[in-house]
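The sequence and structure come first, and the description follows.

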Amino acid sequence: MNYFELYNLPLSFQIDNAIVKKKFYELSKLYHPDFYVNESDEKQAKILELSTLNNKAYQVLSDPLKRIEYVLSLNNMLADGDKYVLPQDFLMDMMDVNEALMEMEFDHDELKLAELSGQINAMEMALFDELKSATDEFDTKAGEGAESILLRIKDIWYRQKYLLRIRESLNKFRV
């Protein structure tokens, strides 16, 4: 049973967090191990499994980035050890950014750091807008062309992950 089924929600990128929280609390009460101490070991193990599943479902469904990764995984778009190839134009932009970061290690310049940070902010915002558009499209089309939309979302997700690593490198220069 996947997390959407557990919470009786449609497979979607945009979810009402209040509904997710409400469902989490409902299932937490229903599957709380303390209420089953007098049951058989088998029943207690099943309840503990359901309680754990509920906790994991809440962690994933309440976090938009984890939810994206989860939906992609459900649709066999992500695999362990997946060697995704980012678009060439994105990699060229990142090469310039990485070169600037390397230069920053030898010649720390607050002005260059601010400029580079602004450039990364703009890229992140553009990706966020692109992701929002693609996830909205997926949710409204309900199956029509879902695979091509999911492939776009996967590409954006990988680019976002790359930018997150760049952001972490940038933050090392902040004093």
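A residue is called buried when its relative accessible area is under 20%, exposed when over 50%, and partly exposed in between, with a 1.4 Å probe and protein chains only. The model is predicted: local features need pLDDT of at least 70, side-chain atom pairs count only at pLDDT 80 or more, and totals for chains, interfaces and linings use all residues. Residues are numbered from 1 along each chain as its sequence is written, and side-chain values use heavy atoms, with hydrogens and water left out.

**Single residues**

Ser 51 lies in helix 3 (residues 41-61); helices are DSSP runs of H or I with at least four residues, numbered from the N terminus. Ser 51 counts as buried because its relative accessibility is 15%. Contact here means heavy atoms within 4.5 Å. Not counting residues up to four places away in sequence, Ser 51 touches Tyr 31 and Pro 33.

Asn 2 sits in the segment before helix 1 (3-6). With a relative accessible area of 19%, Asn 2 is buried. Its side chain reaches the backbone nitrogen of Glu 5 at 2.8 Å. Leaving aside neighbours within four places in sequence, Asn 2 is in contact with Tyr 70 and Leu 74.

Phe 128 belongs to helix 6 and is partly exposed at 47% relative accessibility.

| Residue | Relative accessibility | Class |
|---|---|---|
| Ser 51 | 15% | buried |
| Asn 2 | 19% | buried |
| Phe 128 | 47% | partly exposed |

**Helix 4 and its surroundings**

At the start of helix 4, a side-chain oxygen of Asp 63 comes to within 2.9 Å of the backbone nitrogen of Leu 65. Just after helix 4, Asn 76 has a positive phi of about 55 degrees. Which residues of helix 4 are buried? They are Arg 67, Ile 68, Tyr 70, Val 71 and Leu 72. These buried residues pack against helix 1, helix 2 (17-30), helix 3, helix 6 and helix 7.

The axes of helix 4 (residues 64-74) and helix 7 (residues 146-171) come within 11 Å and cross at roughly 135 degrees. That makes helix 4 oblique to helix 7. Axes are lines fitted to C-alpha atoms, for helices over the stretch in contact, and angles run from 0 to 180 degrees between N-to-C directions. Angles under 35 degrees count as roughly parallel, over 145 as roughly antiparallel, 65 to 115 as roughly perpendicular, and the rest as oblique.

On the helix 4 side, Leu 65, Ile 68, Glu 69, Val 71 and Leu 72 meet Leu 150, Ile 153, Lys 154, Trp 157 and Gln 160 of helix 7. By class, this contact of helix 4 with helix 7 has 7 nonpolar, 1 polar and 2 charged residues. Ala, Val, Leu, Ile, Met, Phe, Trp, Tyr, Cys and Pro count as nonpolar, Asp, Glu, Lys and Arg as charged, and the others, Gly among them, as polar.

**Helix 5 and helix 6**

Helix 5 (residues 88-106) and helix 6 (residues 110-141) have axes that come within 11 Å and cross at roughly 155 degrees. That makes helix 5 roughly antiparallel to helix 6. The residues of their contact divide into 9 nonpolar, 1 polar and 3 charged.

Conventions: Helices (H or I, at least four residues) and strands (E, at least two) are DSSP runs, numbered from the N terminus. A polar contact is a pair of N or O atoms within 3.5 Å; within protein, one must be able to donate a hydrogen and the other to accept it, and residues adjacent in sequence count only if both atoms are side-chain atoms.
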